[in-house]
Amino acid sequence: MTQSNGPLQEADERYATLLNNANAVRALCSSVEGTLGPKGLDVMLVGQNGDVIITNDGVTILDKMDVSHPAAKLLIQVARAQQNEVGDGTTTATVLAGALVQEGVAQVTRGVPAAKVVSGLLQGIAFASEQLQARSISLNGWEDERLLRAVHIAGREQADIVRLVMEAGRAVGWERLQDDRFRLAEAVVAHEKADNECFAGVLLKQKPLQREWLPERRDCRVLVLQDSLEPEALDEQLLTTEAGFQQYMAHRSLFIERLERLRELGVGFIVLERSIHPEAEQFCLDHDMMVVQRVSREDVLHVCRLTGAKPLKRAALAKEPSALSSLLGYAGCVRYDERLERVRIYGREAGASTTHGREFLDEGERQQHASHAHAPSPVQVTLIVGASTREVVGERARIAQDAASALQAAVRSGVLPGGGTAELAVSYALERFRETVRGMEAFGIAAVAQALRKPMAQIVLNAGFNPLEKLEEARAVQTATGSDAVGIDCDTGAAMDYLAAGIVDPAAVKLHALKAAGEVAAAVLRIHTIIKMRSDA
């Protein structure tokens with residue numbers, strides 16, 4: 001005699017979509033959670049053409065994975081959002097999102113309405129964020145050892161990269177790092193032929209047109225065109241007529257006059273977003289004007305910030321000399337680096353300190369031109385990260401970007417004890433908060449409390465210890481000592497004070513990871529049905 005399984009089948013069908021999504025999220029999380037913590041290992045990504053990437057960077061792994069499930073794609077958005085906002089902590093954000101989905105699904109399958117679970121989850125996320133914010137520790141400037149430790153951990157203990165990032169941070173300045181519009185990680189450049197280097201300037205990947213004859217210019221004005229440098233174009237049919245030919249000759253003459261005006265204004269370096277006309281190329285070669293064409297919009301803006309130039313259209317060349325002069329920038333030195341096959345651009349300071357080399361302007365002209373240029377923006381730096389192979393240099397660049405992002409996040413928001421210790425302490429605070437909440441939303445808050453233990457549990461598991469045992473041990477010591485910074489030593493398995501050991505994370509990394517994870521988990525838990533759209537919808 002067999003027992004009927006009708007109610008069980010009915011429940012499975014009711015939660016079929018939710019369970020399917022949860023399984024996809026679980027599978028995706030398993031691909032990155034093994035990289036978490038000091039004992040985490042790397043992942044090897046293999047492309048269809050045999051390309052290989054070895055990394056433990058969460059966003060790189062998720063970005064390169066072949067993923068088709070829509071819920072899994074939502075989870076990838078968590079990593080991207082974390083990367084775009086703070087540039088570090090993508091694995092933690094992904095693991096947290098997966099844990100929130102898992103705990104939320106457990107509550108829903110117990111019979112708690114999904115809407116109540118989501119409402120409680122959002123309340124729990126808000127409470128936990130307040131608790132983490134209140135526990136953050138402000139830094140006391142560049143001499144604060146916790147800043148160096150936060151960069152050291154994000155830089156995966158690679159001392160040369162940490163030194164490079166700290167040097168760049170000091171060059172940029174504390175105030176600039178707090179500017180939301182500035183991203184120090186964007187200054188990182190990788191090159192397999194280079195040694196590690198930080199210099200105050202911009203590196204362009206294009207080669208200058210006349211590099212064999214003019215590898216360097218010093219103390220010169222800079223013209224930046226988000227356009228091509230060429231005469232006004234005419235219709236081909238019009239050129240077959242006498243009037244059209246006369247018009248072409250007039251445009252050509254005017255174009256040469258404008259090039260001559262640029263020379264008179266002291267322009268020695270021209271950056272073009274598009275191409276250059278052959279006649280203009282010859283003129284620039286004849287008058288020692290270095291030209292770099294087809295520069296990306298992003299690099300064009302970097303040059304403008306460094307030199308104080310304004311990005312112009314071709315029509316701006318028709319302006320009066322005095323008006324055009326005020327739109328030009330100034331570079332102390334522009335040099336083609338043959339080894340890197342890149343163009344280095346140095347700002348005003350490099351030119352002022354230059355006492356040797358090829359001079360094109362006398363002192364009076366230099367001061368006059370410098371006074372006409374716009375005041376350059378704060379220091380622009382470039383961090384060049386080198387290694388022996390393309391695969392390795394790519395990974396080192398990602399590590400440098402993580403370290404630079406951690407530096408900036410720590411300066412902005414302070415630090416918290418790392419290793420999941422702060423999240424563990426907040427999870428118990430959430431349980432006490434849950435007791436004050438009436439209604440079924442309390443189950444959602446309980447789900448957040450459980451999910452917050454996941455980062456430390458995964459770190460302990462990756463170190464080879466039993467997470468259930470070690471989390472209870474850490475919590476007992478936290479309660480006995482009154483410190484939220486107690487965690488587990490991944491070498492010995494004993495309890496240790498993470499703050500005293502210098503294991504800290506930027507507060508902004510943890511706060512944004514929790515926020516992004518909560519938003520995606522809530523979205524996944526709300527999905528009741530998946531319907532395929534028409535191709536033309």
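Reader: What share of the 537 residues in the chain is buried?

Author: Start with the cut-off. A residue counts as buried under 20% relative accessible area. In this predicted model, buried residues make up 51% of the 537 residues.

Reader: How do I read contacts along the sequence? What percentage joins residues 24 or more positions apart?

Author: Count the contacts with a separation of 6 or more. Of those, 75% are between residues 24 or more positions apart. Take L525 as a case. L525 sits in helix α22, residues 507-526. L100 is 425 residues away in sequence, yet the two C-alpha atoms are 9.5 Å apart.

Reader: Is L525 buried or exposed?

Author: Buried. Its relative accessible area is 2%, and the cut-off for buried is under 20%.

Reader: Which residues does L525 touch, beyond those up to four places away in sequence?

Author: L525 touches L18, V101, G104, V105, A114, V117, V118 and L121. V101, G104 and V105 of α5 are part of its contact with α22. A114, V117 and L121 belong to α6.

Reader: How do I read a helix pair? At what angle do α5 and α22 pack, and how far apart are their axes?

Author: Read the angle, then the distance, then the residues. Helices α5 and α22 pack at about 40°, with axes 8 Å apart. The crossing of α5 past α22 is right-handed. From α5 come A93, L96, A97, L100, V101, G104 and V105. From α22 come A513, L514, A517, G518, A521, V524 and L525. By class, that contact has 12 nonpolar, two polar and no charged residues.

Reader: Where do the axes of α5 and α6 come, and at what angle do they cross?

Author: Helix α5 covers residues 90-109 and helix α6 covers 114-135. Their axes come within 9 Å and cross at roughly 140°. That angle makes α5 oblique to α6. The cut-off matters here, because roughly antiparallel requires an angle over 145 degrees. Here too, α5 passes α6 in a right-handed crossing. L100, G104, Q107 and V108 of α5 meet A114, V117, L121 and I125 of α6. The contact has six nonpolar, two polar and no charged residues.

Reader: What is the angle for α18 and α19?

Author: Roughly 170°. The axes of α18 (residues 421-434) and α19 (residues 441-451) come within 8 Å. So α18 is roughly antiparallel to α19. On the α18 side are S427, L430, E431, F433 and R434. On the α19 side are A442, F443, I445, A446, V448, A449 and Q450. The class count is eight nonpolar, two polar and two charged residues.

Reader: Now a helix against strands. Which residues of α13 are buried?

Author: List the buried residues, then see what they pack against. In α13, residues 297-307, they are D299, V300, H302, V303, C304, L306 and T307. They pack against β5 (201-204), β6 (216-225), β7 (267-272), β9 (329-337) and β10 (342-346). After α13 comes G308, with a positive phi near 85°.

Definitions and conventions: Residues are numbered from 1 along each chain as its sequence is written. This is a predicted model: local features need pLDDT of at least 70, side-chain atom pairs count only at pLDDT 80 or more; totals for chains, interfaces and linings use all residues. Side-chain values use heavy atoms; hydrogens and water are left out. Axes are lines fitted to C-alpha atoms, for helices over the stretch in contact, and angles run from 0 to 180 degrees between N-to-C directions. Helices (H or I, at least four residues) and strands (E, at least two) are DSSP runs, numbered from the N terminus. Angles under 35 degrees count as roughly parallel, over 145 as roughly antiparallel, 65 to 115 as roughly perpendicular and the rest as oblique. A crossing is left-handed if the near helix is turned anticlockwise from the far one by less than a right angle, and right-handed if clockwise. Contact means heavy atoms within 4.5 Å. Ala, Val, Leu, Ile, Met, Phe, Trp, Tyr, Cys and Pro count as nonpolar, Asp, Glu, Lys and Arg as charged, and the others, Gly among them, as polar. Buried means under 20% relative accessible area, exposed over 50%, partly exposed in between (1.4 Å probe, protein chains only).
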